[in-house]
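Reader: I'd like to walk through this model with you. Could you show it to me before I start asking?

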Amino acid sequence: SGSGGAAGGGEGPSIDRGYLEELQSSAATFASMVAHFATRVGFEDLGGLLQGLVGRLAFGAKGDILPLCEIPFVKHRRARVLFKMGYRTVEAVAQADPEELARQLSKMLGPRPADAARKVVNGARTLLRRRLELRRDELDDTAEELAWCDDEDDADLDLE
């Protein structure tokens, strides 16, 4: 007998795909909560270790393709195809020409990849824009904190 036919693939007991997806999501959420808790109570190493598993649980993928799984419209199978094609980062996908990507995908995934390629490239570009906006916000917050600290330092100097 086989080692399991989860979601109807192969030998062994058949498990409902919806149930597996729910279990996967719950496991990722729980791992994230435990990672946050561990970090808050001073177990940073454990928190970091668990945080590294959150993405793997959430996307059901190995660590090498996790960055690609963050792109909208890219699940683990498409991420693996992109990775095998040489696209290792979100940035690489965002810089891809959608028509060229569609041509490459058609060799691996069959006909009609043009819409998928356009969605993937646009999704990667959107993800990078969001990341950039978050970094800008973080930098703005840091600059405000530094300005506030400078004002306090100036006030301390006035008192001396």
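**Confidence, surface and a loop**

Reader: Is phenylalanine 37 buried or exposed?

Author: Happy to start there. This is a predicted model in which local features need pLDDT of at least 70, side-chain atom pairs count only at pLDDT 80 or more, and totals for chains, interfaces and linings use all residues. Residues are numbered from 1 along each chain as its sequence is written, and side-chain values use heavy atoms, leaving out hydrogens and water. With a relative accessible area of 53%, where buried means under 20%, exposed over 50% and partly exposed in between (1.4 Å probe, protein chains only), phenylalanine 37 is exposed.

Reader: Which element has the lowest mean pLDDT?

Author: pLDDT is the predictor's confidence in each residue, from 0 to 100, and the protein chain averages 83. Helices (H or I, at least four residues) and strands (E, at least two) are DSSP runs, numbered from the N terminus. Helix 5 (residues 90-94) has the highest mean, 94, and the lowest, 50, belongs to strand 1 (residues 5-6).

Reader: How does threonine 89 count by its relative accessibility?

Author: Good one to check! Threonine 89 lies in the loop between helix 4 and helix 5. Because its relative accessibility is 35%, threonine 89 counts as partly exposed.

Reader: And what is the C-alpha to C-alpha distance between threonine 89 and leucine 66?

Author: In sequence, the two are 23 residues apart. In space, C-alpha to C-alpha, threonine 89 and leucine 66 are apart by 9.3 Å.
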